[in-house]
Amino acid sequence: MTEFLRTAGARFRRIVTGTVLCAVLGISAAQTPPSLQNATRLMRAGLEEANRGDLVAARRDLERVVRLAPQIAPGHSALGSVLLSLNQPSEAELELRTALRLAPGDVPTQISLARCDSALGRHAEAVILFREATSKSQDVVLSEAEVLAFAVSLSATGDNAAAMQLLTSAEPSFQNSAPIADAIGVLLAGQGQSSAALHYFDRALELDPNSNRALYHRAAALLETGQALESVTSAQELEARTNPPSFDVELLLGRALSATHDDSHALTHLRRAVGMHPELHSSGAQYALALALQASGDSAGALPWFARVVNDGSALPAEGNSPLINYALARVQTGDATGALLLYARALEEGRDSATLREDYGAAYLQANKVDEALKQFTAGIRLEPNSALLHYDLGLAFKLQDNLTEAVPEFEKAAALDQSLPDPPYTLAIIYMQQGRFADAASSLRDVLRLQPENGEAWALLGSVLKDSEHMDEAAEALQHAIALEPDQPSLHIQLAAIETTKGNKERAAAERKIAADLSRAANEHQRANFALRSGRALLAQGQLDMAVLQLKTAANAEPALAEPHLLLAEAYTKQGKTAAAALERKEAAKRTNSVTP
């Protein structure tokens, strides 16, 4: 609050006496006018008030000083320093420039004016003033606020090395300065060294646990280093401290929650942030909201937000062409391949080429049924990233769509070898091997799938079929039993198992499996019949065709006895027909049934 006194205290003391004021004006002390005497008194009072931290009172008295003695530079300089401490740099600048005009080259005034320029975003001018002032004498010592302002302007003009040197050399003089520690962390984070920055943010919070600025920077650095849960914790603590809610905090918390896949809460905070600043300069919040909507599965909802970021002049330089790529992906996800292709072409023209861009671009061409163009994009992606399992898999799919298995199979095999955690390449290979009669290879690929997805009932069923065709009956039966355990309502699995038991000579087991298959088929047919009848009954009831509605609803009730809805609708139909007793009976039947889920 009063660092301006330390940097310019000696200069301010020059006007405490009327004698000095008179000397400046070229008059004798005996001729000192009352206005200068008042100026002296008010200057002394203003300095004392500033020393006590009462900057509002200091401003009031120093404004009277400059009115009474407008020719005296220290009065303007002192008022400018107080205004700067009150965070009013525009007003401070007027006083400080007046002081420099009256006393050119005054070092403390130059330093204060440099702080003004820094606060007003005129960083190049600030650096020039800081360097000129500090080069005049080795005795010039910057205050904490001046060091921070100088470092900010150095960094803003691209001289991060000088900014870091300034802060680290000043750190020993301010060993217990949370702002200095925080500023070093900010500089490191800006250079992509978020892990190293966390040490300084933690240090700043040790020195000042109430520093919201350091807590914000710590939460942001945690998010950048992939520690999303920890980032959420810090951001939530910061949100609890912030009243009224802050745009920056809401945006950070929304992004951190999105990174933890807590889509519902993330969207709440991101929408709140966008609502605080709907104008274009909040494109970062709009982009974060679009990404969160896309991640939550609402790609259609994300489209207008992506469009605002991409098309409304809301450039996000740090993101490169990622907004265009994600916007295009949302188009693909909503079935608009044509619109996506235009966006991918623009992304390729305006930003950095990448394997991911080529992969997504090719997928859009596949959706548009332009397989030749998709092949070109996947091939270009592989040139950029030869060991991308996903790109080799996509290229294999494109070849397969052309019925070119000669080219497709090696790509699938390469994808499976490059990333053994992906289940899709071995599964696709298994299908191809089955079609080619390569049963041993198909079985091996399916076992690779099941090591990754032991709960994949379809893969167990395919393995059973492959082993059966290759006459490994015991293993086939075991695989089919796994499939049945996972998908107990599939009649085809029991039919296959019955065939195996017949081959093995187990007639009774085969008969039992055939009976299960028949029962399941009958139940499936009844369910289908009930489903059709119930939907038909609903429609007829809505149309007022009560007799036909009753007929269909009775069919549904008989086909699916456990359902409550047919009885509820029958009660409604009977009520409309005036059959009160029948309606009451149906309502009683509905109440008995616990399963009221509509098929």
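Start by selecting E93, R97, D117 and R122: salt bridges link these residues into a network. You're looking at a predicted model, and the structure holds 27 salt bridges. Side chains of opposite charge can pair when their charged atoms come close.

Next, pick R131 and D159. Their side chains form a salt bridge, 3.2 Å from N to O. R131 sits in helix α8 (residues 123-135), while D159 is in the loop between α9 (144-156) and α10 (160-170), so this pair ties together parts 28 residues apart in sequence. Color by accessibility if you like: R131 is partly exposed at 41%, and D159 is partly exposed too, with a relative accessible area of 27%.

Now jump to E224 and R255. Here's another salt bridge, with the closest N and O atoms 3.7 Å apart. Show the helices as cartoon: E224 belongs to α13 (residues 212-224) and R255 to α15 (residues 247-259), so the contact joins parts that are 31 residues apart in sequence. E224 is exposed, at 53% relative accessible area, whereas R255 is partly exposed at 35%.

Last stop: select E239 and R272. Their salt bridge puts the closest N and O atoms 3.6 Å apart. E239 lies in helix α14 (residues 228-241) and R272 in helix α16 (residues 263-276), so the two tie together parts 33 residues apart in sequence.

Technical notes: Residues numbered from 1 in each chain as written. Predicted model: local features only at pLDDT ≥ 70, side-chain atom pairs only at ≥ 80, totals over all residues. Heavy atoms only, no water. Salt bridge = Lys/Arg side-chain N within 4 Å of Asp/Glu carboxyl O. Helix = DSSP H or I, 4+ residues; strand = E, 2+ residues; numbered from the N terminus. Buried < 20%, exposed > 50% of the residue type's maximum accessible area, 1.4 Å probe, protein only.
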